[in-house]
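Me: Could you walk me through how the strands and helices are arranged here? I'd like to go piece by piece.

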Amino acid sequence: MDKGEWRRRKGRFMALEALSRAMGWASMNRIEAMHDDVGTLLEDLTEAQQEAVTTVDGPLLVLAGPGSGKTTVVTRRMAWLIAHGVPAWRMLALTFTNKAAGAMRDRVDLLLQERDVDARDVTCMTYHGFCARTLRQYADSAGVPPGFSIYDTTDRRSVLKQAIRKAELDPANWTPASVGESISNYKSMLVTSEMHEEHIGGDFYSRTMGRIYRAYEEIMQANDALDFDDLLMRMAMMLRDDAAVREALQDRYRYLLIDEYQDTNHAQFLIATSLVGTARNICVVGDPDQSIYAWRGADVRNILEFEEQYPDAKVVPLGRNFRSTGHIVAASAKLIGHNASHLRKELHTELEDGARVLLQPSGDEHQEASTILAAFKDHADKGVPWSEMAVLYRINALSRVLEQAFRDGGVPYVVARGTAFYERAEIKDALSYLRLVVNRNDDTALRRVINSPPRGIGKTSLGRVEQHAMLENIRLGEALRDVGRIDTMAARAARSIAAFVEMVDRWRAAADGGSLVMDLPDLVASVIRESGLEQAFKSGRGDEDIARLENLDELVTAAAEWTPPPVDEGEEASTILEQLAAWLESIALVSDADMVDPERGAVTLMTLHAAKGLEFDVVAIAGLEQGLLPHGRSVGEENGLEEERRLCYVGMTRARKNLALTWAHRRTVRGITERAMPSQFLGELPDDAVERVDDRDPWTGVRSAIPDTTWQVGMTVRHQTFGLGVVRRVIHRPRGTTATVDFLEYGQRTLLVAHANLEPVDPEERPWEGIDVPL
């Protein structure tokens, strides 16, 4: 930005301030009247809330626990600042969702309308909205076209597909989901495609991602487009590199408020830090115990290290929970207290103790779903609306059995912020392949999967097949088998079509009595594997790819659990092909659109990640098992385990009055029933806040042992033979917990802790003092 532009903008800000100071007597009287009435802003607030509201200057960290009235505090503080002479246009409030920003604006407006003050000048926006507006305002400084388009998720996916093709890579191995996740991570760390190429690693993945990233950026630039990650990256880079713009914005926004600070990524952290001027009036609100989005770039260190960044910061913990009853608060507080990253705040409530948290084991996942269903029906009989009940789970694949139980039980449900199991894209793809096995003339199924995953049969090639079918008056499936007669077909496409036809025919032959060892789940597994669906998601590195694989595994389980119709006496047993047709028919007939009573709503089924910010009277969290919650990927990773514990904590604190944590002794995965272990988190709950149902395994009669959580990654231990060591990995197994310990003199040893005579060492003993060893 040149000096002339700087002077013009500076002049505008000074004029606005002068106007604010020189308001007419009527306006000044309104402000004075509001100042006299300001005490009402503190009515019905706790002492901690009042302290947060009335702190005007300097850095402020508000640690807002679940149900602690965070939005009330944020909006009252904004009104308080205006009441004490801070011009509304000097304030900037940033949050993550349009809904949150809108609610914040509406509440502030209502507070100030009651006092006859206009709050329209308050800037209250999402991070992305604020960045988009500012980038257009300072387009030259940011190096972006002022009329840039903003590409949403659908647009971005389309460009990612183009970029993968432009980089001459196989889309089956480089999916838009996994590639897009990597590019998002680069941009959140302010790594442009040029920077990535300059510092590229020598491994194949990094080099290949560099090609895709460059191609992606070239397409975006050709379209004068920015994606959501660009908005943050370009804003952060502009504030970092252009002192004039940075100072102009610091001068404009003297009071900065950041909501949900624990969810900020590196780029958002840099934006917030750059906007803080010399007055250092920054207020951040959040809860590190609810930081559950590390998988999309959120860095909990931003809030954990706020006091290091601002040593004079005031910290106000809001520990009183206005949402949940006493036992729920006590149980969730005890759980999260096991996290080393936990910032201490006394979580408490003045509500009654209420029902204890129910720890409910079941024989298998079907009994688990039936138990939850029965409990919800009991609550409904007592007058609780269906809309005030929710089932939460760690992975999407768990929803299938729950959906089936609620359908069979006649209880209305919705899969919130997600998709019902049989409507998920990867499931519909797999079912379309299976429909083709049953019916070669199913054109709808054929069109869906003929090039999914990509196999070189594009729109042009399919168009030629369709034209041939029309000329010959035959079905599309028949035309595929006649590809040798299509003169205009490219040789490569013809070979791909022939291979596709041969693959489907091979499955049908095996299902129609051609295989003596195959059953229905075997066939489903073969189709998923040989079609390329499994490999397409295995090659991806993102959480979305892993979730899709888990869903495909669950489809195999669904086939294994399905019971074929009984065969009349004297009739031959049905073939696998006939069983497949009957199974697909049972799926197609699933319909729940007419089950929801608008008066009572529907039970909500959703993942724990999607539940953040919501609350219900009755909550059940299903699948509290090792490998599910905590997820298997977190095993042995201290940070990963802490995030899983935070995720469980977030789920528990969604409940107002009743909370049940359920698990199964046996769970079927990919058609195979396996023994499951209760989650270690169950052993971290206080006995006086929970009700433990008899946890004997109905299959063996043996009581299930909840894993011992004494041993944590990173703790120092002492062994009578091996001496001092540090725990590097802890794995809870059915036969007992094992710990991998890095001993000073003996190196790494893996021990069964029940028989190892390990001794935890109190850090206050300073066991490593004077020992020069890297730990």
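Reply: One term to start with: contact here means heavy atoms within 4.5 Å. The model is a predicted one, and in it helix H17 (residues 326-336) lies across strand E9 (357-362) and strand E14 (655-664), running at about 50° to E14.

Me: Which order do the seven strands of the open sheet take?
Reply: The order is E11-E12-E10-E13-E14-E9-E17, with parallel pairing. The edges are strand E11 (413-415) and strand E17 (690-692), each of which pairs on one side only, and the twist averages 20° from one strand to the next.

Me: How many bridges join E10 and E13?
Reply: Strand E10 (residues 389-393) pairs with strand E13 (residues 616-621) in the parallel sense over four bridges, and valine 391 stands opposite alanine 620 in E13.

Me: Switching topic, at what angle do the axes of H6 and H12 cross?
Reply: Helix H6 (residues 127-137) and helix H12 (residues 228-241) have axes that come within 9 Å and cross at roughly 60°, which makes H6 oblique to H12; the crossing is left-handed.

Me: And what sort of residues make up that contact of H6 with H12?
Reply: They divide into ten nonpolar, two polar and one charged. Among them, Phe130 and Leu135 belong to H6, while Leu231, Arg234 and Met238 belong to H12.

Me: Last one: which residue in the hairpin of E15 and E16 takes a positive phi?
Reply: That is arginine 670, with a phi near 55°, in a hairpin that has two residues between the strands. Strand E15 (residues 666-669) and strand E16 (residues 672-675) pair in the antiparallel sense over four bridges, with valine 669 opposite isoleucine 672 in E16.

Key. Residues are numbered from 1 along each chain as its sequence is written. This is a predicted model: local features need pLDDT of at least 70, side-chain atom pairs count only at pLDDT 80 or more; totals for chains, interfaces and linings use all residues. Side-chain values use heavy atoms; hydrogens and water are left out. Two strands pair if DSSP finds at least two bridges between them. Axes are lines fitted to C-alpha atoms, for helices over the stretch in contact, and angles run from 0 to 180 degrees between N-to-C directions. Angles under 35 degrees count as roughly parallel, over 145 as roughly antiparallel, 65 to 115 as roughly perpendicular and the rest as oblique. A crossing is left-handed if the near helix is turned anticlockwise from the far one by less than a right angle, and right-handed if clockwise. Ala, Val, Leu, Ile, Met, Phe, Trp, Tyr, Cys and Pro count as nonpolar, Asp, Glu, Lys and Arg as charged, and the others, Gly among them, as polar.
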